[in-house]
Amino acid sequence: MAESSHRTVKEKKPNIFMRIGQFIKQVLDEMRKVVAPSGLELLKWSLAVFIFVLLLMLFTTGIDFGLGKLMLFLFG
């Protein structure tokens, strides 16, 4: 006959302080892997973000202006 499968083995979790300590240790281990960008890289990425935001603003302004003119044309 097959064994009863309704029995489950519960794993005992470490207490809350052990889990917090483990989390902090993992965060610190990951932070050691982080590499700060050089000044030139930071400047290039900042410029790229600035240009992207500017283009998005121009696109949104164009859509708003165009739809406004369309509404004036349709509804007087």
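Tutor: Start with a definition: a salt bridge is a side-chain nitrogen of Lys or Arg within 4 Å of a carboxyl oxygen of Asp or Glu. Keep in mind that this is a predicted model.

Student: Why is the contact of Lys33 with Glu30 called a salt bridge?

Tutor: The closest N and O atoms of Lys33 and Glu30 are 3.2 Å apart. The cut-off is 4 Å, so the pair qualifies as a salt bridge.

Student: Are Lys33 and Glu30 buried, partly exposed or exposed?

Tutor: Lys33 has a relative accessible area of 58%. Exposed means over 50%, so Lys33 is exposed. Glu30 is at 46%. That value lies between the 20% and 50% limits, so Glu30 counts as partly exposed.

Student: How many salt bridges are there by this rule?

Tutor: The count comes to 3.

Student: What makes Lys25, Asp29 and Arg32 a network?

Tutor: Asp29 meets Lys25 in a salt bridge at 3.2 Å, N to O. Arg32 forms a salt bridge with Asp29, with the closest N and O atoms 2.7 Å apart. Both distances are within 4 Å, so Lys25, Asp29 and Arg32 are linked by salt bridges.

Student: Where do Asp29 and Lys25 lie?

Tutor: Both are in helix H1, residues 16-31. They are 4 residues apart, about one turn of the helix.

Student: Now the nonpolar side. Why is Phe50 called exposed?

Tutor: Its relative accessible area is 53%, and exposed means over 50%, so the label holds. Phe50 sits in helix H2, residues 39-75. Phe50 is also one of the residues of a nonpolar surface patch, among them Leu47, Val49 and Met57. Together the patch residues have about 1100 Å² of accessible area.

Student: What share of the protein counts as buried?

Tutor: Of the 76 residues, 0%. The accessible surface comes to about 8100 Å², and 72% of that belongs to carbon and sulfur atoms.

Student: Which residues does the "transmembrane region" annotation cover, and what is the chain there?

Tutor: The unreviewed UniProt entry gives residues 45-67. Over that stretch the chain is 100% helix and 0% strand. The end C-alpha atoms are 33 Å apart. The protein has 2 helices and 0 strands.

Definitions and conventions. Residues are numbered from 1 along each chain as its sequence is written. This is a predicted model: local features need pLDDT of at least 70, side-chain atom pairs count only at pLDDT 80 or more; totals for chains, interfaces and linings use all residues. Side-chain values use heavy atoms; hydrogens and water are left out. UniProt positions are given in the numbering used here, feature names are shortened, and annotations may be inferred rather than shown by experiment. Buried means under 20% relative accessible area, exposed over 50%, partly exposed in between (1.4 Å probe, protein chains only). Accessible areas come from the Shrake-Rupley method with a 1.4 Å probe; for residues, only the protein chains shown count as cover. Patches are made of residues with over 30% relative accessible area and no salt bridge: like charges are joined within 9 Å, nonpolar side chains (Val, Leu, Ile, Met, Phe, Trp, Tyr) within 5 Å.
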